[in-house]
Amino acid sequence: MDVNLSKAVERSEWVDHQLSRLIQNLELIATDRHRLAGGAFMVALDVHSAIAALTRRGNLPSAFMLSRSIWEAIVRGFWLLECASDEQIKKFIDDTSNQKTWNMIQDLEAKGSFGSDTLSSIHAHNSRRLNAMNHVGGPLLVRCNSERGVEFNFDSDEIGECLGNACANALLAALGLAQVAADEELGKAAFKVQTDAFAN
């Protein structure tokens, strides 16, 4: 593992440790909306931890396959918290929801929760690649081959980007949990973790 990539893994592991410490024993507002959103943000944090661990072990296809999961957990968490109707919350609980990620993004942007097109730009830029990685498509399989034969052949910059995106999404998840818990101090602490993590 080259020096820059090693630093990216260490940063992700540091962020994971700091956020785990901050959210320990966090009390959520006891409504279905807050519990579901909190669950989505906890999934995002767990996936971030898994991506860092898998990258450290060299299990790169698995790390890349999880990139879509962390993104969708973030979108779902904020949508459940800020946009979902009571009926849509009930459908999530009953596992009868057919709400698509793109529709959730449109709802969030219409509400002004993020910049006017921040989420849709990220989604448009990444969704095809994330889907291909998640569904074992060509972009993933090509990276499992080299001139020598069948072996992992991921570019360091791509791996660094995967870790950076996962790290950024973990920090968003912590901010989401701060909203879910109505905990302003947690929000400030998560911002400090972000500042410290990306300072170098």
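The buried residues of helix H1 are Leu5, Ser6, Ala8, Val9, Ser12, Val15, Gln18, Leu19 and Ile23, where buried means under 20% relative accessible area, exposed over 50%, and partly exposed in between (1.4 Å probe, protein chains only). Helices here (H or I, at least four residues) and strands (E, at least two) are DSSP runs, numbered from the N terminus. The model is predicted, and local features need pLDDT of at least 70, side-chain atom pairs count only at pLDDT 80 or more, while totals for chains, interfaces and linings use all residues. Residues are numbered from 1 along each chain as its sequence is written, and side-chain values use heavy atoms, with hydrogens and water left out.

An α-helix has 3.6 residues a turn, so residues three or four places apart point the same way. The cover over the buried residues of H1 includes H2, H9 and H10. One of those buried residues, Val15, is in contact (heavy atoms within 4.5 Å) with His48, Cys167, Leu171, Val193 and Ala197, leaving aside neighbours within four places in sequence. Arg11 also lies in H1, but Arg11 is partly exposed because its relative accessible area is 23%. Beyond four places in sequence, Arg11 touches Gly164, Ala197 and Phe198.

Helix H2 (residues 32–57) has 26 residues and should span 38 Å; its end C-alpha atoms are 37 Å apart, which agrees.

What follows these two helices? H1 is followed by Asn25, whose phi is positive, near 60°, and H2 by Gly58, with a positive phi near 85°. In the loop between H1 and H2 sits Leu26, which is partly exposed with a relative accessible area of 23%. Leu26 touches Leu177, Ala181, Asp183 and Leu186, not counting residues up to four places away in sequence. Ser97, 71 residues away from Leu26 in sequence, is 27 Å from it in space, C-alpha to C-alpha.

Positive phi values also turn up in other loops. Asp95, found in the loop between helix H5 (86–94) and H6, has a positive phi of about 60° although it is not a glycine. Asp95 counts as exposed because its relative accessibility is 69%. Ala182, in the loop between H9 and H10, has a positive phi near 50° and is likewise a residue other than glycine. With a relative accessible area of 60%, Ala182 is exposed.

Turning to the interior, in soluble globular proteins, nonpolar side chains tend to be buried together. A nonpolar core is a set of buried Ala, Val, Leu, Ile, Met, Phe, Trp, Tyr and Cys residues joined through side-chain atoms within 4.5 Å. The largest such core has 52 residues, of which Val15, Leu19, Phe41, Leu45, Ile51, Ile159 and Leu163 touch the most other members. At least two residues of this core come from each of H1 (3–23), H2, H3 (60–65), H4, H6 (101–111), H7 (118–134), H9 (156–180) and H10 (184–197). H9 supplies the largest share, 13 residues.

Ile74 lies in helix H4 (residues 67–82) and is buried, with a relative accessible area of 2%. Not counting residues up to four places away in sequence, Ile74 touches Phe41, Ala44, Asn169, Leu172 and Ala173.The largest pocket has a volume of about 430 Å³. On a 1 Å grid over the protein atoms alone, a cavity is a set of points where a 1.4 Å probe fits but cannot get out, and a pocket is an open set with protein on both sides within 12 Å along at least five of seven lines; lining residues have an atom within 4 Å of a point. Grid points are joined across faces, edges and corners, and a volume is the space filled by probe spheres set on the points. Of the 23 lining residues, Trp71, Ile122, Asn165, Ala168 and Asn169 are the closest to the centre of the pocket. H4, H7 and H9 each give two or more residues to the lining.

Conventions
Expected span 1.5 Å × (residues − 1).
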